[in-house]
Amino acid sequence: MPTPLDKALNSKNTFLAFTGIVTAVAAWSIWGQDMFPKEADPTGDPETWTYEEMRRWLAARNLHPNSKDTREQLLERVKANLRTPRA
């Protein structure tokens, strides 16, 4: 004689609810993280950085680089905002 637990486990609605929960967890684990992680900050001498690296460096610090700025203007702003190394 089937118990109420047996009937609940054989229910179509219970199966669909479980499937929905598994799907939701899978979607959260995929899209809840960075799908495309940000590129690391450029390192080394700013004189050797590309135009895009300087723009990305400034944007990461909320210094709002202008799209019309020249490479020299960006380089000047990067150098002005670099932290000086401690001796």
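Colour the chain by secondary structure: from the N terminus on, its elements run α-α-α-α, with four helices and zero strands. Helices here are DSSP runs of H or I with at least four residues, strands are E runs of at least two, and both are numbered from the N terminus. The model is predicted, so local features need pLDDT of at least 70 and side-chain atom pairs count only at pLDDT 80 or more, while totals for chains, interfaces and linings use all residues. Residues are numbered from 1 along each chain as its sequence is written, and side-chain values use heavy atoms, with hydrogens and water left out.

Next, view the whole C-alpha trace. Along its principal axes it spans about 85 × 35 × 20 Å. The radius of gyration of the chain is 27 Å, whereas a compact globule of 87 residues would have one near 12 Å; the radius is taken over C-alpha atoms, and the globule rule is 2.2 Å times the number of residues to the power 0.38. Buried residues make up 13% of the 87 residues, where buried means under 20% relative accessible area, exposed over 50% and partly exposed in between (1.4 Å probe, protein chains only).

Now select Trp49, Met54, Trp57, Leu58, Leu74, Leu75 and Val78, the seven residues of the largest nonpolar core. Helix 3 (51-60) and helix 4 (71-81) are the elements that give two or more residues to this core. Such a core is a set of buried Ala, Val, Leu, Ile, Met, Phe, Trp, Tyr and Cys residues joined through side-chain atoms within 4.5 Å.

Centre on Trp49. Leaving aside residues up to four places away in sequence, Trp49 touches Pro42, Thr43, Gly44, Met54, Trp57, Arg71 and Val78; contact means heavy atoms within 4.5 Å.

Turn to helix 4 and look down its axis. Leu74, Leu75 and Val78 are buried there. Helix 3 is included in what covers the buried residues of helix 4. On the face turned away from the buried side, select the exposed residues Glu72, Glu76 and Ala80.

The last stop is Arg77, also in helix 4. Arg77 is partly exposed, with a relative accessible area of 26%. Its contacts, not counting residues up to four places away in sequence, are Leu58, Leu63, His64, Pro65, Asn66 and Asp69. A C-alpha to C-alpha distance from Arg77 to Met54 gives 9.0 Å, across 23 residues in sequence.
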